[in-house]
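The sequence and structure come first.

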Amino acid sequence: MPRKNVLKATTDAELLSYIINQTPDLAGEIDLPVQGQSIEPIGKIIINNQRYRNAFINTVNLIGLTIIKRNYWDNPWDFTVRGTLRFGQQVRELILDLCNVYDYNENVENPTRFLSNAVPNVFNYIHELNYQKFYETTTSDEQLAMAFDSEGSLFDFITQSVQMLYESYKYDTYLVDKYMLSRRILDGTVTPHQIANYSRLDARQRVSAIKGVSNLLTFRSPNYNPAGIRRATNFDDQIVIINTQFEADFSTEVLATSFFKDEADMKARMVLIDGFDTQDSARLSEILKTAYEPFTDAEITALKNIPAVIISREWFMDYNYALDANAPTKETDFYNPATLRRNVFLHVWRVFSTSPFENAVVFTPDAPSVTEVIVTPAEATVTKGQSIQLSANVTTTGFANQGVVWNVTTGDGVTVDSTGKVTIPLNFESVAEAPQVEITATSVFDSTKQATAQITVV
């Protein structure tokens, strides 16, 4: 999130001096407070003059993005924001896989071969605006008056009136990003890598296993993204997300005992997570509404055992929408003269998404496997020209991919798309034996695991 100013005030006098200097209506007419003296006299001057009071409030609003060195929380995942979009823009992610390769001897006798078009292997995905929220807080003239009556009160007033709006937004940003990562892991679209005998390994051995995969990511491979694109992720573009306990073990047992810290340290950037299993469910439900899928006890247990995840720097596709002069947020306020209260609003529009093409690996002590595939409904009756939506439930361990490939096993002319939607053509030729159509869902992780649906056409 861009910041307009940087302020490291530690006392009310320093903070008030900063506000006065930033406000033309105040700077030329009010003396700066003297360090150690009460700011109450200056506060009375500001409160008792309508013009001064409005100028003061407006400046307080403007420093909402300012770093105040007190109770300030920095989002450790600030790397997720990719940029700012204008109204009407979409994020279209275009990825090119390797070019096709051809045998020379097979084409040398074809004089018109050079006229053929080589269609590139292009993958694309559109990320759209999906987060439109506003935050609200209320302050009163009484609170403003009390902002000058004791040391620290001015800080408290700014925290209550403005800063907590931005703190709330930052916290929610972290929660949503962590939720998206956790859901992708549970769906199996983050490549799982088992660290065998994890509980028996010391910190150095665990770090060694993670570093080995980090090294592999620098080579082109189709094994680390769900699209199967041959991609490489350099060390500079790798983000290693590690839970707090693993980082503590890493710092005390590995770095502290190493003669050469650079050799023991990760070459990729490391960021912390307060546990993959610690999801603020109440807040997420409030933020995401019906889009939030609560975690089951089994999912929380599985997430708890994750020591680390490596993702590409561009794996998160988070974009801000410019709401006010290319700023990622828009702040407004409304003063109610009847109640002597001011409502302050912070509006944020944003794209929260992840890339299906970028590399990502989750480390787990469990062996990835598929135990069962179930298709619902297993039996159905469909009229010619109609469609039916099938679903597949894939039970896995170790965060194996839960995706399936749908195929028509029996039924000429019948089609099934990638989501499991089956369409019976109007000219379907029924046979006496029923069911006439069989649809198979095969696990993409383990092709030996599959299930079928039997459809009778009437």
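At 0% relative accessibility, Phe-316 counts as buried, where buried means under 20% relative accessible area, exposed over 50% and partly exposed in between (1.4 Å probe, protein chains only). The model is predicted: local features need pLDDT of at least 70, side-chain atom pairs count only at pLDDT 80 or more, and totals for chains, interfaces and linings use all residues. Residues are numbered from 1 along each chain as its sequence is written, and side-chain values use heavy atoms, with hydrogens and water left out.

Rings of Phe, Tyr and Trp (its six-membered ring) pair if their centres lie within 6.5 Å; planes under 30 degrees apart count as stacked, over 60 as edge-to-face and the rest as tilted. The count by this rule is eleven aromatic pairs. Among them is the edge-to-face pair of Trp-77 and Tyr-174, with ring centres 5.2 Å apart and planes at 75°. Trp-77 lies in the loop between α4 (50–62) and β1 (81–85) and Tyr-174 in helix α7 (residues 153–187), so the pair ties together parts 97 residues apart in sequence. Helices (H or I, at least four residues) and strands (E, at least two) are DSSP runs, numbered from the N terminus. Trp-77 and Tyr-174 are both buried.

Phe-79 and Phe-316 also form an edge-to-face pair, 6.2 Å centre to centre with 65° between the planes. Phe-79 counts as buried at 8% relative accessibility. Trp-77, Phe-79, Tyr-174, Trp-315 and Phe-316 form one aromatic cluster.

A charge sits over a ring if NZ of Lys or CZ of Arg is within 6 Å of the ring centre and within 35 degrees of the ring normal.

| Charged residue | Ring | Distance from ring centre |
|---|---|---|
| Lys-133 | Tyr-131 | 5.7 Å |
| Arg-206 | Tyr-198 | 4.0 Å |
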